[in-house]
Amino acid sequence: MARLEMENADFAGIGAGANADILFEMGLACATGRNGDADLVAAHKWFNIAAIKGSPRAGALRAEIAETMNKAELAKALREAREWMTRH
């Protein structure tokens with residue numbers, strides 16, 4: 001859990017000005033476990049936001065990850081993306 005809190009703190013400064021490439025890279029970092037264990041919920045969230053901001057690659061990876069997630073994980077990822085977009 002500490003890693004997730006640290007990860008969220010690292011990304012806390014990224015706001016509305018973040019471009020799709022940065023958000024896509026954040027999704028990749030979460031999906032591949034670049035900073036620890038892979039976190040598919042966080043990866044889906046960042047890929048979702050990157051796709052909304054115009055990254056076609058993010059949309060494809062978001063869909064691929066969604067196929068491996070259960071309904072609760074998917075709902076959490078979508079909720080977190082929506083909350084992030086509302087705040088930023």
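1. Helices (H or I, at least four residues) and strands (E, at least two) are DSSP runs, numbered from the N terminus. With that in hand, the protein chain reads as α-α-α-α-α along its sequence, and its elements are five helices and zero strands.

2. A word on the source comes before the details. This is a predicted model, in which local features need pLDDT of at least 70 and side-chain atom pairs count only at pLDDT 80 or more, while totals for chains, interfaces and linings use all residues. Residues are numbered from 1 along each chain as its sequence is written, and side-chain values use heavy atoms, with hydrogens and water left out.

3. For the chain as a whole, 36% of the 88 residues count as buried, where buried means under 20% relative accessible area, exposed means over 50%, and partly exposed lies in between (1.4 Å probe, protein chains only). The accessible surface of the protein chain comes to about 5100 Å², and 55% of this belongs to carbon and sulfur atoms; such areas come from the Shrake-Rupley method with a 1.4 Å probe. Contact means heavy atoms within 4.5 Å, and among the contacts with a separation of 6 or more, 58% join residues 24 or more positions apart.

4. How do the helices pack? Two packed helices are described by the angle between their axes and the distance between the axes. Here axes are lines fitted to C-alpha atoms, for helices over the stretch in contact, and angles run from 0 to 180 degrees between N-to-C directions.

5. Helix H2 (residues 20–32) and helix H3 (residues 40–52) have axes that come within 8 Å and cross at roughly 165°. H2 and H3 are therefore roughly antiparallel to each other, given that angles under 35 degrees count as roughly parallel, over 145 as roughly antiparallel, 65 to 115 as roughly perpendicular and the rest as oblique. Their crossing is left-handed, a term used if the near helix is turned anticlockwise from the far one by less than a right angle, with right-handed used if clockwise.

6. In this contact, Ala20, Leu23, Phe24, Met26, Gly27, Leu28, Cys30 and Ala31 in H2 meet Leu40, Ala42, Ala43, Trp46, Phe47, Ile49 and Ala50 in H3. By class, the contact of H2 with H3 has 14 nonpolar, one polar and no charged residues, where Ala, Val, Leu, Ile, Met, Phe, Trp, Tyr, Cys and Pro count as nonpolar, Asp, Glu, Lys and Arg as charged, and the others, Gly among them, as polar.

7. The axes of H2 and helix H4 (residues 56–66) come within 10 Å and cross at roughly 25°, and these two helices are therefore roughly parallel to each other. H2 passes H4 in a left-handed crossing. Asp21, Phe24, Leu28 and Ala31 of H2 make the contact with Arg57, Ala58, Leu61 and Ile65 of H4, and by class it has six nonpolar, no polar and two charged residues.

8. Not counting residues up to four places away in sequence, asparagine 48 touches Arg62, Leu78 and Ala81.

9. Alanine 63, in helix H4, is partly exposed, with a relative accessible area of 40%.
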